[in-house]
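Let's walk through this model together, with the sequence and the 3D view side by side.

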Amino acid sequence: PRRVAVLISGRGSNMQALIEKASGYEVVLVASNKPQAAGIDCARAAGIPTWTWDSKGVDRLLFDRTLSAALKDHGVGTIALAGFMRILTPWFIAEWEGRIVNIHPSLLPKYKGLDTHARAIEAGDTMSGCSVHVVTEELDAGAILGQVEVPIEAGDTPTSLEQRILAAEHELYSRILSEFVRR
Ligand code: GAR
């Protein structure tokens with residue numbers, strides 16, 4: 001379980017934090033459905049093996065079966081989604097049941113899905129945050145492993161709130177992943 005693959009689609013700041021703060025686990029592979037993802041360059045610079053396949057137009061099951069085979073080739077035991085913006089097939093989730101975690105930028109069960117910061121501000125909330133949860137077939141609905149609350153301040157924009165929550169994500173994710181791989 002301690003051999004972790006991080007799945008990304010973009011910037012990869014959570015991936016970077018998971019690599020830098022690794023404790024009790026090892027990031028053995030970074031995989032992306034976007035070959036141009038900035039995080040892939042960071043992973044390469046950190047000397048971590050990478051796997052990429054542009055998922056655009058690719059059959060979902062074929063993509064997931066190929067990804068799963070790559071994860072097994074690398075002896076992966078735990079999968080950490082970190083800004084992986086693609087819904088995994090039920091087949092993949094069953095294949096890796098109970099071994100996939102995700103970070104989400106809201107206090108789940110509030111604001112599943114996209115545009116969480118804009119929705120929290122729009123609703124007039126005074127508190128938001130981030131959650132790490134087990135991935136199940138239902139989007140953003142698996143068991144919550146940990147959360148951090150982050151205040152929404154007067155005048156916050158989705159961008160300013162995102163920055164504040166992102167800093168909290170970077171602390172939360174490595175801490176929860178360390179616990180998760182030990183259980
Ligand atoms: C993070 O805020 C993460 O919580 C969010 O995407 C961002 C990725 O940033 N994930 C989701 O919205 C999942 N639906 P990063 O690439 O810099 O880690």
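**A walk through the model**

Let's begin at S55, in the loop between β3 (50–52) and α3 (60–73); helices here are DSSP runs of H or I with at least four residues, strands are E runs of at least two, and both are numbered from the N terminus. Before going on, note that this is a predicted model, in which local features need pLDDT of at least 70 and side-chain atom pairs count only at pLDDT 80 or more, while totals for chains, interfaces and linings use all residues. Residues are numbered from 1 along each chain as its sequence is written, and side-chain values use heavy atoms, with hydrogens and water left out.

Is S55 buried or exposed? S55 counts as buried because its relative accessibility is 6%. Buried means under 20% relative accessible area, exposed means over 50%, and partly exposed covers what is in between, using a 1.4 Å probe and protein chains only. Once its neighbours within four places in sequence are set aside, S55 is in contact with N33, F63 and R86, where contact means heavy atoms within 4.5 Å.

Now for the sheet. It is open, has 7 strands and mixed pairing, and runs in the order β3-β2-β1-β4-β5-β6-β7. Two strands pair if DSSP finds at least two bridges between them. Because β3 and β7 (144–151) stand at the edges with a single partner strand each, one side of each has no neighbour in the sheet. From one strand to the next, the twist averages 20°. Helix α2 packs on the sheet and touches β1, β2 and β3, with its direction at about 155° to that of β3; axes are lines fitted to C-alpha atoms, for helices over the stretch in contact, and angles run from 0 to 180 degrees between N-to-C directions.

Within β4, T78 is the bridge partner of V4 and I79 is the bridge partner of A5. Strands β4 and β5 also run parallel, joined by 3 bridges, and here I79 stands opposite I100 in β5. As for side chains, T78 and A80 point one way from β4, I79 and L81 point the other way, and all are buried.

Which residues have the most contacts inside the largest nonpolar core? They are V6, I8, V30, Y173 and L177, in a core of 33 residues. A nonpolar core is a set of buried Ala, Val, Leu, Ile, Met, Phe, Trp, Tyr and Cys residues joined through side-chain atoms within 4.5 Å. Two or more residues come from each of β1 (3–8), α1 (13–20), β2 (26–32), α2 (38–45), β5 (100–104), β6 (127–134) and α6 (158–182). Helix α6 gives the largest share, 9 residues. Looking at L177, you will find that it touches V4, L18, Y25, T78, A80 and V101, not counting residues up to four places away in sequence. Apart from this core lies another, of 21 residues, among them A70, I79, I93 and I100.

Next, the ligand. Its surroundings are R11, G12, S13, N14, G83, M85, I103, H104, P105, L166 and E169, each with a heavy atom within 4 Å of it. An oxygen atom of the ligand is 2.7 Å from a polar backbone atom of G12. For S13, a side-chain N or O atom is 2.6 Å from a ligand oxygen, and for N14, a backbone N or O atom lies 2.9 Å from an oxygen atom of the ligand.

G83, another residue around the ligand, is in the loop between β4 and α4 (90–95). With 33% relative accessibility, G83 counts as partly exposed. Beyond its neighbours within four places in sequence, G83 is in contact with I8, S9 and G10.

Finally, visit the loop between β5 and α5 (116–122), where P109 lies. The peptide bond from L108 to P109 is cis, with omega near 15°. Y111 is in this loop too and has a positive phi of about 55° although it is not a glycine; at 16% relative accessibility, Y111 counts as buried. D115, also in the loop, has a positive phi near 55°, and D115 is exposed, with a relative accessible area of 61%.

Methods:
Polar contact = N/O pair within 3.5 Å; in protein donor to acceptor, adjacent residues only side chain to side chain.
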